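Please open the model in your viewer and keep the sequence panel beside it.

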Amino acid sequence: MALEMRETCERCEVSLTADGPASICSYECTFCADCTEAMAANCPNCGGELVARPRRKAA
């Protein structure tokens with residue numbers, strides 16, 4: 001099962017690219033680097049840890 005590579009930050013709605021930096025929690029909530037830092041790497045939806053999302057090559 002592949003990760004859902006969401007295209008926008010769930011907090012500030014900035015566009016995210018598949019090969020750019022982003023963070024996810026175990027439920028695949030997705031945030032940009034700035035929002036991840038502002039939230040101290042804690043997901044506001046589930047309280048889980050935000051970790052670096054794997055990158056994919058741009059198609």
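Helices (H or I, at least four residues) and strands (E, at least two) are DSSP runs, numbered from the N terminus. Select the protein chain in cartoon view: along the sequence, its elements follow the pattern β-β-α-β, which amounts to one helix and three strands. The radius of gyration of the protein chain, taken over C-alpha atoms, is 10 Å, close to the 10 Å that the globule rule gives for 59 residues, so the chain is as compact as a globular protein of that length. That rule is 2.2 Å times the number of residues to the power 0.38.

The model is predicted: local features need pLDDT of at least 70, side-chain atom pairs count only at pLDDT 80 or more, and totals for chains, interfaces and linings use all residues. Residues are numbered from 1 along each chain as its sequence is written, and side-chain values use heavy atoms, with hydrogens and water left out.

Turn now to the interior. Buried residues (under 20% relative accessible area, 1.4 Å probe, protein chains only) make up 34% of the 59 residues. Select Cys9, Leu16, Ala22, Cys25, Cys29, Phe31, Cys32, Cys35, Met39, Cys43 and Leu50: these eleven residues form the largest nonpolar core, a set of buried Ala, Val, Leu, Ile, Met, Phe, Trp, Tyr and Cys residues joined through side-chain atoms within 4.5 Å.

Finally, centre on Cys9. Which residues does Cys9 contact (heavy atoms within 4.5 Å), leaving aside neighbours within four places in sequence? They are Val14, Leu16, Thr30, Phe31, Cys32 and Cys35.

Technical notes. Buried means under 20% relative accessible area, exposed over 50%, partly exposed in between (1.4 Å probe, protein chains only). Contact means heavy atoms within 4.5 Å.
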